[in-house]
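Hi everyone, thanks for coming.

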Amino acid sequence: MSQEIVDEVAKYLTSNIPIVPISQGAEAVVFTTTIHPYIPSSNNEKKEKFIIKYRPTKKYRHPLIDKSLTKHRTLSESRILSKLYQIDGIKVPKLIACDPYNGCIWLEFLGEDLPNGFGFSNLKNFLWMNAKDPYNDCVKDTLYKVGQQIGLLHWNDYCHGDLTSSNIVLVKDEDYGTNWIPHLIDFGLGSTSSLVEDKGVDLYVLERAIISTHSSFADKYNEWLIQGFSDVYKSKGKQGNKKLNEVLKRFAEVRLRGRKRSMIG
Amino acid sequence: MTLITIPQFPEYNVSITLFKDVTNSKVIRSHIADSKIAFLDAKLIVSTEQVYSAIYKALIENKYNRLRTKTILSECLFCLSPTSNIGDAFKKFGIKDDSKNVICLKVLSNGESLDDVNKEVLDVVDGTMIEFNDDNLKDMYDVTLVRKIYKLEKDFQPATTTELSRALVNAIQIRGL
Amino acid sequence: MVNLNTIKPKNNRNYYLALGLEGSANKLGVGILKHPILPSHESGDNSHHCQAEILSNIRDTYITPPGEGFLPRDTARHHRNWCVRLIKRALEEAGINDPRNDIDVICFTKGPGMGAPLHSVVIAARTCSLMWGVDLVGVNHCVGHIEMGREITQAINPVVLYVSGGNTQVIAYSENRYRIFGETLDIAIGNCLDRFARTLKIPNAPSPGYNIEQLANKCKNKDQLVELPYTVKGMDLSMSGILAYIDSLAKDLFKGNKKNKILFDQKTGEQKVTVEDLCYSLQENLFAMLVEITERAMAHVNASQVLIVGGVGCNVRLQEMMGQMCKDRANGQVHATDERFCIDNGVMIAQAGLLQYRMGDVVKDLKETVVTQKFRTDEVYVSWRE
């Protein structure tokens with residue numbers, strides 16, 4: 001991460017909020033801190049951590065495009081998180097604070113460090129960690145649950161817009177020690193949509209992300225994801241089955257378009 | 001009495017006092033226009049977090065010159081509301097003639113001590129001062145009213161006050177955007 | 001372990017010579033490339049550093065009148081007309097008198113591309129191969145771009161943004177394949193620019209995209225922007241909606257449709273937006289999207305280098321924006337090449353083909369030389385990298 005951006009954020013937050021940079025995504029930089037934006041720190045006995053997601057000015061793009069994108073994405077991400085929080089079964093981080101003027105949101109910290117230096121517990125690292133035994137039950141269970149999360153999301157007419165294995169964070173299940181509960185993060189490109197096209201594209205983006213990042217095992221992985229996805233729809237009765245067929249049909253069409261595209265050099 | 005400072009805006013100190021069994025709400029209300037204190041009815045306040053988050057929001061608006069009301073104090077009250085209607089927010093969250101449990105907010109001015117504020121608040125409110133904490137608040141809120149005002153989804157059935165509070169904080173943070 | 005030196009050059013020379021033939025779209029390119037034998041290639045992945053020497057790099061572009069695109073049949077005829085002349089010139093420039101003895105391998109574009117033009121060039125490749133008794137290697141056009149870009153810029157493992165008339169892809173290498181992380185969901189960037197140039201009826205020479213770039217430079221009011229849809233979908237993007245919208249604006253502008261609020265002041269009827277403004281806004285919008293998906297891929301695979309290849313990659317504004325993006329990332333570097341290598345050419349086919357050849361991958365039967373319109377970048381097994 002460039003020091004310039006870190007300085008910019010530190011200045012915005014003041015010296016009262018010490019920050020630790022953890023990642024630089026394409027549109028946001030992410031920090032952790034132990035200071036809550038508004039609850040007095042004396043209440044933070046558990047030394048809880050928080051996520052600060054800051055969308056820095058992107059100097060490469062025209063200021064008008066930049067401003068409108070930053071505001072739009074900060075707001076839409078906050079709004080979607082807030083709505084999704086109220087939907088039973090969907091796992092997303094809790095929104096703590098939102099400053100749309102500076103493209104800054106505060107979120108609950110999720111996940112942990114994986115053992116043996118495999119890094120943070122997102123799906124990408126988790127799958128890499130399991131590469132020696134790629135089809136074990138825990139992998140299957142986890143991918144199935146990821147599929148379910150996306151199923152729930154789509155069933156409720158929300159689309160993620162940027163589904164990749166790094167945008168899925170795994171949280172240890174406190175009741176069943178070895179199981180993971182997938183949480184969806186990073187809704188910057190998210191939207192509410194009832195269009196099958198958007199859902200089909202969402203699934204296609206994820207499928208491709210799995211193929212490109214976890215190529216050797218992608219077929220099985222995608223199969224499990226779709227299983228979890230489908231079971232959510234199937235549990236919704238006749239209407240669910242009908243909608244599932246529509247989404248999957250469009251998904252196949254989007255995929256086909258992808259292949260056809262390579263026609264012209 | 002609680003004194004709160006938002007880490008990002010250390011120049012502002014806000015005092016929060018909670019009273020139960022208030023008997024003179026009607027009188028307080030009649031003087032509200034020229035008061036330097038904001039009075040909230042605790043009926044819609046589920047948690048301390050909810051109030052803190054509104055103060056944070058108000059200070060953000062203040063910092064970027066987006067205040068919709070006249071003062072930071074009134075903005076704090078306005079920021080509790082999930083809608084952008086100012087009059088409506090004051091009516092719903094402000095003190096009512098029959099309010100029993102009241103929360104007083106004050107932005108401390110330069111040189112003002114917590115004792116000064118304490119005295120000032122006690123002068124105005126006839127009631128029992130208790131600590132502003134989640135435990136005390138939890139018996140004061142009206143869950144049906146809260147759900148209605150914050151337009152929570154019907155299917156959203158929070159098991160705990162913490163979960164309910166979270167939904168309110170969300171509404172506060174995304175209001176008017 | 002990769003060893004690029006197992007196949008020996010002809011006649012015990014200490015270097016290889018490859019002839020590259022490219023004709024997948026409206027450019028016909030012939031190039032001759034020399035690789036010295038380097039000890040560093042015996043063990044390990046040094047495929048980005050071949051010390052390649054370009055002995056000739058000749059190109060002829062089929063240019064259509066303003067407002068017209070190039071049709072496969074006419075383009076193929078152009079390639080057939082020029083192919084022999086270009087090959088002769090390339091040999092001459094490279095100082096090769098006896099291709100039978102001097103050329104190690106003939107590399108041709110196997111795909112993807114337009115069928116008819118690909119076909120006319122492969123016929124030339126087969127003919128030369130049979131006539132001279134020289135081995136053939138079929139090359140994936142996109143991989144050609146990538147390998148040439150790596151060789152020229154010495155970028156070891158970059159995220160590649162491949163932007164041309166027919167392709168818009170964000171590519172990164174992993175496990176012996178160039179994998180596609182993001183791409184267009186509908187039309188390619190170059191296609192979008194070309195088609196808009198046709199709507200504007202601006203010349204196709206030297207290239208429509210170049211002329212749009214020049215018009216955009218002339219925009220007088222760069223503080224303002226005509227708002228266009230911004231359609232990034234994860235690491236993918238969509239451009240057909242943007243084209244349809246800006247096309248309709250341009251048409252309204254030419255017709256003088258005063259009802260259009262974006263183009264004309266509703267009170268005074270004064271024109272607010274010029275053709276230059278439209279070009280500027282289109283570039284700013286499309287390139288912002290390209291840079292964004294590239295950065296998304298970089299973040300996803302933890303890369304710090306970007307390589308821009310393909311015809312649209314010559315655009316200075318795109319390079320500038322990409323540079324700015326990289327500056328804000330730790331150790332970020334952008335690599336781009338100039339028009340000699342960005343735009344389709346024969347040398348890039350020779351570069352990728354020669355790498356393939358040196359790994360022992362040659363055509364064994366002429367049946368394998370059938371060209372294909374569809375040929376995805378990730379179908380190629382990249383044996384020359386670790």
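Before we start, one term: when I say contact, I mean heavy atoms within 4.5 Å. And please keep in mind that this is a predicted model.

No contact joins chain B and chain C, and their closest C-alpha atoms are 20 Å apart. There are 2 pairs of chains in contact, and of these, chains A and C share the most contacts.

Today, though, I'd like to stay with chains A and B. Here chain A brings 28 residues to the contact and chain B brings 25 residues. Between them, about 2,600 Å² is buried, with carbon and sulfur atoms giving 59% of that area. On the chain A side, have a look at A:Y38, A:Q86 and A:Y101: they supply 30% of what chain A buries against chain B, more than any other three residues.

So what about polar pairing? We find 10 residue pairs in polar contact across the interface of chain A and chain B, both partners being at pLDDT 80 or more. Salt bridges between chain A and chain B, on the other hand, come to 0.

Now, which elements of chain A touch chain B? Helix 1 (3-13), helix 2 (63-85) and strand 4 (95-99) of chain A each supply at least two residues to that side. The largest share comes from helix 2 of chain A, with 6 residues. Sorted by class, the side of chain A that touches chain B holds 17 nonpolar, 7 polar and 4 charged residues.

That's my tour; happy to take questions!

Notes:
Residues are numbered from 1 along each chain as its sequence is written. Chains are lettered from A and ligands numbered from 1 in the order in which they are written. This is a predicted model: local features need pLDDT of at least 70, side-chain atom pairs count only at pLDDT 80 or more; totals for chains, interfaces and linings use all residues. Side-chain values use heavy atoms; hydrogens and water are left out. Buried area is the accessible area (1.4 Å probe) that two parts lose on being put together, summed over both. A salt bridge is a side-chain nitrogen of Lys or Arg within 4 Å of a carboxyl oxygen of Asp or Glu. A polar contact is a pair of N or O atoms within 3.5 Å; within protein, one must be able to donate a hydrogen and the other to accept it, and residues adjacent in sequence count only if both atoms are side-chain atoms. Helices (H or I, at least four residues) and strands (E, at least two) are DSSP runs, numbered from the N terminus. Ala, Val, Leu, Ile, Met, Phe, Trp, Tyr, Cys and Pro count as nonpolar, Asp, Glu, Lys and Arg as charged, and the others, Gly among them, as polar.
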